[in-house]
Amino acid sequence: MGPNQGAVMQVVRTLSDLRAACAAFRAQGRSIGLVPTMGALHAGHRALVRASVSSGAATAASIFVNPLQFGPNEDLSRYPRDEAGDLAALEAEGCELAWLPDVATMYPADAVTVVDLTGPAERWEGDARPGHFRGVATVCTKLFGQVRPDRAYFGEKDWQQLQVIRRVVADLLLPLEIVGIETVREADGLALSSRNRFLTVEDRATAPMLFDTLTGTAAKLRAGAEVESALADATARLTSGGFSVDYFALVDGPTLRPIGGMQENARLITTARLGSVRLLDNIAV
Ligand code: AMP
């Protein structure tokens, strides 16, 4: 049993209930850890909750499928939803507060402010999904203002998103710490994602090749392989395996700028599609 397991989790759906619950934690002298999610929770999300709970903080998790981060041709309506399962998973991990706002609470009709950034939000997912990081940065800034957490937990799985959030918090001097949590994977290496359920049986069997290619390429680079040809080989391998590769790149971890040689904080990032499913993954080099 973790430190808070067995405690009753509060489920709140209005700002006034959220504020009362957070004020009660603070009155007890407890720090607050926030785990923002879009629901359809799996072991990756649970690892974020567990990290917060094990720090001793009162842990709040938000579940909000954020329309602002979906493009007009993206899968907002088919995004998986399982509120009962999610609440049970959160409570089992020792989460003490579930924050389930509706769209009107997050985006009141008179709201006109968004958080938009360049830097790490450019390129890669930023190019593939125009407006996506504006949506992510805006909703997270609002969640931080609502919950006022001491720490917020994000997965390294979404590497670019984690760097975007770190930049927003630094630039806007937001008084919280961002904690990145290592990617949780299936036994065969596939990074857990709510999208994996959309893979066909055949594509699910192919999918681990993505992580395998990342680790193989990282090993080659560490052994001194030339960057451009190692990246081209990786893309060719994935393509012949049946993936449509959006990008397979070596970048400076915090800024997401492409780099042509090995350096500290180098990161391999990739997005590749199997059928209509986009798989994102990345590793340190
Ligand atoms: P989402 O609900 O997909 O927006 O994800 C919520 C949080 O869970 C984000 O910070 C993700 O990076 C994180 N997350 C998603 N998948 C994983 C994973 N496989 N391992 C660790 N964290 C993850």
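Visitor: Where does the ligand sit?
Guide: The ligand sits in the largest cavity. Keep in mind that this is a predicted model.

Visitor: OK, polar atoms now. What is 2.6 Å from a ligand oxygen?
Guide: An N or O atom in the side chain of D158.

Visitor: What about G155, what distance there?
Guide: A polar backbone atom of G155 is 2.9 Å from an oxygen atom of the ligand.

Visitor: And H45, which part of that residue is involved?
Guide: The side chain. One of its N or O atoms is 3.0 Å from a ligand oxygen.

Visitor: How much of the ligand's accessible area does the protein cover?
Guide: The protein covers 92%. On its own, the ligand has 490 Å² of accessible area.

Visitor: Switching topic. How many salt bridges in the whole structure?
Guide: A search finds 15.

Visitor: Give me one. What does E96 pair with?
Guide: E96 forms a salt bridge with R30. Their closest N and O atoms are 2.8 Å apart.

Visitor: Where do those two lie in the chain?
Guide: In distant parts, 66 residues apart. E96 is in the loop between helix 3 (83–92) and strand 4 (97–99). R30 is in the loop between helix 1 (15–27) and strand 2.

Visitor: Why can side chains pair like that?
Guide: Side chains of opposite charge can pair when their charged atoms come close.

Terms used
Residues are numbered from 1 along each chain as its sequence is written. This is a predicted model: local features need pLDDT of at least 70, side-chain atom pairs count only at pLDDT 80 or more; totals for chains, interfaces and linings use all residues. Side-chain values use heavy atoms; hydrogens and water are left out. A polar contact is a pair of N or O atoms within 3.5 Å; within protein, one must be able to donate a hydrogen and the other to accept it, and residues adjacent in sequence count only if both atoms are side-chain atoms. Accessible areas come from the Shrake-Rupley method with a 1.4 Å probe; for residues, only the protein chains shown count as cover. On a 1 Å grid over the protein atoms alone, a cavity is a set of points where a 1.4 Å probe fits but cannot get out, and a pocket is an open set with protein on both sides within 12 Å along at least five of seven lines; lining residues have an atom within 4 Å of a point. A molecule sits in a cavity or pocket if more than half of its atoms lie within 2 Å of its grid points. A salt bridge is a side-chain nitrogen of Lys or Arg within 4 Å of a carboxyl oxygen of Asp or Glu. Helices (H or I, at least four residues) and strands (E, at least two) are DSSP runs, numbered from the N terminus.
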